[in-house]
Amino acid sequence: MAARGHVQDPNDRRLRPIYDYLDNGNNKMAIQQADKLLKKHKDLHCAKVLKAIGLQRTGRQEEAFSLAQEVAILEPTDDNSLQALTILYREMHRPELVTKLYEAAVRKVPSSEEYHSHLFMAYARVGEYKKMQQAGMALYKIVPKNPYYFWSVMSLLMQAISAQDEKLAQTMFLPLAERMVEKMVKEEKIEAEAEVQLYFMILERLGKCVEALQVLRGPLGDKLTSELQCRENKCMLLYRRLESWPECNALSYKLLQKNPDDWQFYLLYFDSLFHLMDQSWTPPSEGEHCAEGEVHNAVAQAVSFVEECVRGEDGKEQRPLRGPYLSRLELIRRLRERGLPEASQLGDPLELMVQYFGKFGDKPCCITDLKIFLDLLPPDQHMQFTNRLMEAVPLGSGEEGGTAAGFPGDTRALQRHLCVTQLSRTLGLHHALDTNSKLQLITQLKAHYQHGLQFGKSCLKTELQFSDMYCLMAAHVYIDLWMETGDETMLWQSVCVLEDGLTNSPSNAQFKLLLLLLFCRIGAFEPVVDLYTSLDAKHVQHDTIGYILTRYAEALGQFAAASQSCNFSLRFFHSNQKDTSEYIIQAYKYGAFEKIPEFIAFRTRLNHSLHFAQVRTERMLLDLFLEADVSSSLEDSVKAMALTPEEDDIPWDCMRDNRDLTVLTSWDPPDRQLTEAHRKQSVEEEMVWLKVRSLTLRLIGCLALLSPAHPPQNSEKKTSENGVASKPATLHKLLPQLETALQEAADFSQTHTKVYPVFGPPSTRLSVALQTGSCSCQLSALRLVPRVLDMDSAGLDDSAESQSEMAGSFRALLQQLQDILSKCKGDLVVMSDGQCNTHPSLLEALVLFVETVCVVLWVVTVCAGVLRPLKVSAQKKKKKKKDSSTSTPVVVSGFLELVGGVQTVMSQAVEHLQEQETLITALKLEGLSLDNAQEDASSMQAVFGKVQSSYLRSLSELSELLKKRMDTLKALKI
């Protein structure tokens, strides 16, 4: 709550109990206490606002808002009321109201530094940069402090950054900001580093790199002290932008002499060297080479410098630095790329890497260091290289009392052996083995893993075991065997290995992530929720790795878990807007101006996140499938979501793919790794599927608007007797769009045939949806609605032909639904010849079938609303004409046939689901053959139990939802 210091005001004592109740979460008592206080002191505005906060927190938003407005209209100026209203509006997600509050306060108390400051921050929350500039200057006039002046300057810069017109930014906002800072420079009023940083940012955006360099080299540059080498890094940035390669080379050379382990400057040194060679640059005959000192413009100088750095490290008694040794390999690569003979002067890459391994092989970073230089080795040297490395690994001899034969005796030796094993896999040596050799390799990896556990006996649960990577690699080799042979037993064994690893190392995120992926591949989502929860994903990770969870939750029929999964992500995205505003305010307060554009770019990136758009769409669809016309009407459900079918709120043109597709550790050789083509295909596939789902959602929203109580706003004015709009424009507009989207999806599926790597992005549900025909069935159902509405407008008397066509369409829709169900039939788990094979695609197909049934039922409900009065009207006309025939109109008969057929199809689906439940419950693990039956039986039993339980839950949830839908259909009156 609001900070409350020691105040003499007696009102503070009266309000304190309410504050305490709110702080402790006892909102009802806070409301009661506020009511008591208001009976005695009717004009105590703060008590009203605190009551409003209590009402807001108990879900009575409208009462809270009206009560708050009663106080806001009075334009209070007491600190308690203002702070309480600020808290309330923030909780209501209405930050724009805070600005009005402090605008009034500033008008009444124009000399208050505090209120002016609060007004500035209120504008910052809503991004009103022009008003922030004005508020900053007004504050500076009252209290002439530098920070307030530079708040105004920063607000000008933000106007430039956010301006739609780049010309306006370059000709007005940025020059004005520059002049404002220059005024302070001339008056020698620059005090803080943040002010110099801001000046640099302005000059940089204006493209005035030379002027920026002068600032950095001058006395103002001395103020840049908060970061190590801050001035040098900024100078390097400008040199590269200006393509001043001599200065870039000289500065990087100078910095490397100070710190020969700074890798970024090696890369800049080599880049600038080759640029100078390409330009045939020569140093001047007299004086310094450049402002930064000596320049190297020949390969011989670079070779000499690198060798000198290496000699310097070789002569050290303490542990040498890695940078010089790696720079030698980097220079060899660059010289080879240019075909220069000097590459051989630096030595043979194999020998250099063996030497590097000898010095740093016991460090976990050795694998990542050497991995990037493996392409320097020809394929015929790969085996020789690993053999040479293995010679440098101290393994036990098996003598009595010593380390077991072939195993490392301590953690440093273990790390060396592990590094060689990882490099062998990266070189593709594991992949080249035959099946039996791979099984032997797995046995060796498991043995090394078990042996290594002795070194981690004293490790805490939050620490990783030293030998964990052996376990992970064994799982990878099992996955290789599964992919090559199609034997699913290997997949099960991989899961078992990881589950065993997790018992010894409960905090290993790589084990959990791979288990997540494998369980989802098997079709078992139940264990996944706990695994993801135990990962304890923080903040932006819900966007970068959340896709693993949300892709499979609903697709595998775990609707309750799907809601939870969506909540994980949505909670983060919704808090992002509010949190980022607070970060920006803190950046202003503490003068971290360069962070403000970063925070705003971060917020924009998250708002445009592909994952955010997907989760939001899927969550709304999921809620409709589960609730609409079950616990509440479709109309109420759509209304509660504030879904407006006319508006497409997805930013298609600026969508950002924030997924981390390399989060899983992989040692696969380059030809098996995720490529840019895979990434591009994945994003395209996600976008195509999102478009289909988004349009389906909006069309369902249109159905809700077709109820008699809620005629659509976009429809033509003419409505029929029963109150249903005759031609809803939105429905007519969206149907062709969905048709086009489905055609794009079909074209994409035919033209993009690249299979993603196992550790790459998961495929969407698109292929299963197209194979089963569920999307086309949903489109066929939705197309019926405008046709029925047209018939309603024309009346039944003049539409004999259209009635027959309509009845035919009803029959065709029923046939499509039956076809989808027939494609879903099949056993989810098959145990034969000692092997257990799962078919999760059938589970995905069943989920799509249930979704399609929901859409068909909503269409049936709308059609029933139109046909019911038409049927009654036709019967009345027959009675007036004294027509004795009791024949039902053709369209009504066709519709009744559809309703009966849908009931039958749903009954068949429920029977199939129950059969599958019975079969899976009866499955026993004893029929499964294992390599090491005794050793692996208990692990396999536990894994099989999890998969079995998950399948049963999925089938149960699908069955329950279908039964609820059947009850809804039975209650429908025509």
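Two rings of Phe, Tyr or Trp count as an aromatic pair if their centres lie within 6.5 Å of each other, and by that rule a search of the whole structure, which is a predicted model, finds 22 aromatic pairs.

**One aromatic pair in detail**

- A pair of aromatic rings is described by the distance of the centres and the angle of the planes.
- The ring centres of Tyr253 and Phe305 are 4.9 Å apart and the planes stand at 75°, so this pair is edge-to-face, given that planes over 60 degrees apart are classed that way.
- Because Tyr253 belongs to helix 14 (residues 245-258) and Phe305 to helix 16 (residues 299-314), the pair ties together parts that are 52 residues apart in sequence.
- Tyr253 counts as buried at 11% relative accessibility, and Phe305 is buried as well, with a relative accessible area of 4%.

- One aromatic cluster is formed by Phe120, Tyr148, Trp151, Tyr588 and Phe593.
- The charged end of Arg551 sits over the ring of Tyr552, 4.5 Å from its centre, while the charged end of Lys691 sits over the ring of Trp652, 5.2 Å from its centre.

**The chain as a whole**

- Along its principal axes, the C-alpha trace spans about 115 × 85 × 60 Å.
- Of the contacts between residues at least 6 apart in sequence, 72% join residues at least 24 apart.
- The chain exposes about 43,800 Å², with carbon and sulfur atoms supplying 50% of that area.
- There are 107 positive and 125 negative side chains, and the centres of these two sets lie 8 Å apart.

How values were computed: Residues are numbered from 1 along each chain as its sequence is written. This is a predicted model: local features need pLDDT of at least 70, side-chain atom pairs count only at pLDDT 80 or more; totals for chains, interfaces and linings use all residues. Side-chain values use heavy atoms; hydrogens and water are left out. Contact means heavy atoms within 4.5 Å. Accessible areas come from the Shrake-Rupley method with a 1.4 Å probe; for residues, only the protein chains shown count as cover. Lys and Arg count as positive and Asp and Glu as negative; His and the chain ends are not counted. The place of a charge is taken as NZ of Lys, CZ of Arg, CG of Asp or CD of Glu. Rings of Phe, Tyr and Trp (its six-membered ring) pair if their centres lie within 6.5 Å; planes under 30 degrees apart count as stacked, over 60 as edge-to-face and the rest as tilted. Helices (H or I, at least four residues) and strands (E, at least two) are DSSP runs, numbered from the N terminus. Buried means under 20% relative accessible area, exposed over 50%, partly exposed in between (1.4 Å probe, protein chains only). A charge sits over a ring if NZ of Lys or CZ of Arg is within 6 Å of the ring centre and within 35 degrees of the ring normal.
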